[in-house]
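Here are my notes on this one, written as numbered points. Have the model open while you read.

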Amino acid sequence: MKKILVTGALGQIGSELVMKMREIYGNDNVIATDLRKLEGNPVVMNGPFELLDVTDHKTMLELAKKYEIDTLVHLAALLSATAEAKPLLAWNLNMGGLVNALEVARELNCQFFTPSSIGAFGPSTPKDNTPQDTIQRPTTMYGVNKVAGELLCDYYFKKFGVDTRGVRFPGLISYEVLPGGGTTDYAVDIYYEALKSGKYTSFIGEGTKMDMMYMPDAINAIIKIMEADGSKLIHRNAFNITAMSFEPEEIAAEIKKHIPGFIMDYNVDPIRQGIANSWPNSIDPTCAKNEWGFKAEYDLAKMTTDMLEKLSAKGIGAK
Ligand code: VAH
């Protein structure tokens, strides 16, 4: 029976991953941790929850021993825009937290997952149908963190035999917990604003294509790669995965099919536009499909229908 500790469990991915993993492996077998405790939050209420600052290796190891975990899912990190605003904090948290988590996985012989990102690519990377193995010279602190993280996870596998696994996530779109400090967050904000006010001002400019994925597909990908036969994994820690790639005007057009009066304009944020410009237009997920059967279920149309339904059911935009 798996015994899983998740860091960053109250974040955009963690809040949904913990609930899904508890359904599969049992509530008491998924220990949620985060820097803060949100009273009444389902992740806190329906299974074990502990406060954890991932820069505190001692406490992380103590918790891992206390619950006798065999799997560590490390999600706690600063995203691209925040990392660009606070680069040294990002280095200390993103890399310090990752090293601590890898050390705990090594010491206790845990299986290990942490996400990379399309942010691990840079301006010199081929932009269209970006290959699994290619140039990685990111120009953001987040990208530096992600490339270093991919290499560190490979090292812990080769040097210490830690069963490390990971994927390069595209922008993730979800309705449970808002993302914070990301470049792709516009593709989440737009749904909320479409329901609340019928209009949205995009901080990412017209024509900016980026890879995206609906959260259910992201959660399924994490579980699928962690359950995969490790002997068949060639790339292990940085599988390109994606479900779709679109520009702001494409997601706006899809929303208009549901909310005909919806309008979008632009007020481009130069920082986040600069980050987006350094990323691919689309990436090639063939290796993930071949090595562990990755498959996305949601395209832009199906995701938009579900997002608007779920947000409306939460009362977003209700008058
Ligand atoms: C970000 N949502 O925008 C994250 C993600 C590919 C984007 O890494 O920073």
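**Notes on the domains and the ligand**

1. Taken over C-alpha atoms, the centres of domain 1 and domain 2 are 24 Å apart. Where they touch, domain 1 puts in 28 residues and domain 2 puts in 26 residues. Keep in mind that this is a predicted model.

2. On the bounds: domain 1 is made of 4–170 + 215–240, while domain 2 is made of 171–212 + 243–281 + 298–313. Both are pieced together from separate stretches of the protein chain, as those ranges show.

3. UniProt, in an unreviewed entry, puts "domain: NAD-dependent epimerase/dehydratase" at residues 4–229. That span is 43% helix and 17% strand, and its end C-alpha atoms sit 18 Å from each other.

4. Which domains supply the shell around the ligand? Domain 1 and domain 2 each give at least three residues to it. Among the residues around the ligand are Leu 79, Ser 80, Ser 117, Ile 118, Phe 169 and Pro 170, and also Gly 171, Gly 182 and Trp 279. By type, the shell has 6 nonpolar and 6 polar residues, with no charged ones.

5. Now the polar pairs. Tyr 142 has a polar side-chain atom 2.6 Å from a ligand oxygen atom, and a backbone N or O atom of Thr 183 is 2.7 Å from an oxygen atom of the ligand. Thr 184 uses a polar side-chain atom instead, 3.1 Å from a nitrogen atom of the ligand. As for cover, the ligand taken alone exposes 280 Å², and the protein buries 95% of that.

How values were computed:
Residues numbered from 1 in each chain as written. Predicted model: local features only at pLDDT ≥ 70, side-chain atom pairs only at ≥ 80, totals over all residues. Heavy atoms only, no water. Near = heavy atom within 4 Å. Polar contact = N/O pair within 3.5 Å; in protein donor to acceptor, adjacent residues only side chain to side chain. Areas by Shrake-Rupley, 256 points an atom, 1.4 Å probe, with all protein chains shown as cover. Nonpolar A, V, L, I, M, F, W, Y, C, P; charged D, E, K, R; others polar. Domains from an automatic or database assignment. UniProt positions renumbered as here; feature names shortened; annotations may be inferred. Helix = DSSP H or I, 4+ residues; strand = E, 2+ residues; numbered from the N terminus. Contact = heavy atoms within 4.5 Å.
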